[in-house]
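Biologist: Hi! Could you walk me through how the chains in this one meet?
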2 protein chains.
Amino acid sequence: MMADVKPFVLDFDRLTGFCKSGKIQPMQRRVSNMASQFIDQEAARRLMENGDPLLYEFYGLDLPEKDGALQFGTTILYPGKVGKEYFMTKGHFHTILDTAEVYYGLSGHGVMLMETPEGEVECKEVHPGDALYVPGRWAHRSINTGDEPLVMFFVYRADAGHDYGTIEKKGYRKILVEQDGEPVLLDNPKWQEA
Amino acid sequence: MMADVKPFVLDFDRLTGFCKSGKIQPMQRRVSNMASQFIDQEAARRLMENGDPLLYEFYGLDLPEKDGALQFGTTILYPGKVGKEYFMTKGHFHTILDTAEVYYGLSGHGVMLMETPEGEVECKEVHPGDALYVPGRWAHRSINTGDEPLVMFFVYRADAGHDYGTIEKKGYRKILVEQDGEPVLLDNPKWQEA
């Protein structure tokens, strides 16, 4: 049996998402951590040479990875674009594929782009107060289509795991780019069937 | 295999907790739904005869009860007292005992009173922005010690189930009452070993 976990509280600011007490520190992802996933490679290179901006930050907890535990925290996705493509998270399937995730929008707005291994695609807008249900089997990537940080609280089963490799190799089937000031969902020219 | 669930969004107001679009309706619990659990039976009877006030409301979803799915929603616990005892929820163990629950404080403040079958007791304050982790095996009851509704977003495994019976029969080991304007944790005179 795993070591006992006692009830505990973490203070995540309702607007910024940051842990106010500093008890835990966020992980950070920059353009260089996922440069190959952007369509406009020249724009990605320029950003990396000019400070390699932060794309997003998120909190993770050191909890037992068992099916009765839950992992939770906040994710803070900054506004910006790489070429015409909005700042986004890496996106992933869960390693235990059929496990869900719940997001709750705290501030900013954007969309969650989701797809199944069979090729179904869904795109859902998230605004403050919106609870988004990502059922098991759906890969999910958040995308900031606004001009302020997109901050969400998330919860998933602690043993779900993250399969980033499938997305890194194949990409997403769709991309979200800005055209005439509006987000437009397009086929991903870089997507490849495994 | 269960019917597919597609990704979906529900809009819970960040302060009041209510589903703004009205897509789903909350369940309601009044004093009469748990009168036997309060210490001051005379005060409970008087309240029931005077409008039987709402103690709390909460949302539930019709999701497949499987271990890869998550149940979520908000709970709105009103301020007030039955005698000297603060308004509280029924409290429950999960039927699958070793499954966790996560709460996120949206508005108001109060405490979560928790206990294990072995008799450990924990009491954690929840303020807006606080994420509370209730590990598996811990019964949990929220208590409003403030003067506005205590609103929290919650997530737990969809097949966890609710065991209200154990608490209804035995009660909690501790009660939270107001003494000189402050919440004080006392032994529950009605608690009985099974």
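Modeller: Happy to. A quick definition to start: a salt bridge here is a side-chain nitrogen of Lys or Arg within 4 Å of a carboxyl oxygen of Asp or Glu. Bear in mind that this is a predicted model.

Biologist: Good to know. How many salt bridges are there between chain A and chain B?
Modeller: The count is 8 between chain A and chain B. One of them joins the side chains of A:Glu122 and B:Lys6, at 4.0 Å from N to O.

Biologist: Which element gives the most to chain A's side?
Modeller: That's S8(A), with 5 residues on the side that touches chain B. Elements giving two or more residues there include strand S1 (8–11), strand S10 (121–126) and strand S13 (150–157) of chain A.

Biologist: Switching topic, how much area do the two chains bury?
Modeller: About 3800 Å² between them, with 62% of it on carbon and sulfur atoms. Chain A puts 46 residues into the contact, and chain B puts in 46 residues.

Biologist: Which strand of chain B does S11(A) join?
Modeller: S11(A) is joined by 4 bridges to strand S1 of chain B, residues 8–11, and the two run antiparallel.

Biologist: What is the bridge partner of A:Tyr133 there?
Modeller: A:Tyr133 has B:Phe8 in S1(B) as its bridge partner.

Note on methods:
Residues numbered from 1 in each chain as written. Chains lettered and ligands numbered in written order. Predicted model: local features only at pLDDT ≥ 70, side-chain atom pairs only at ≥ 80, totals over all residues. Heavy atoms only, no water. Contact = heavy atoms within 4.5 Å. Buried area = accessible area lost by both parts, 1.4 Å probe. Pairing = 2+ DSSP bridges.
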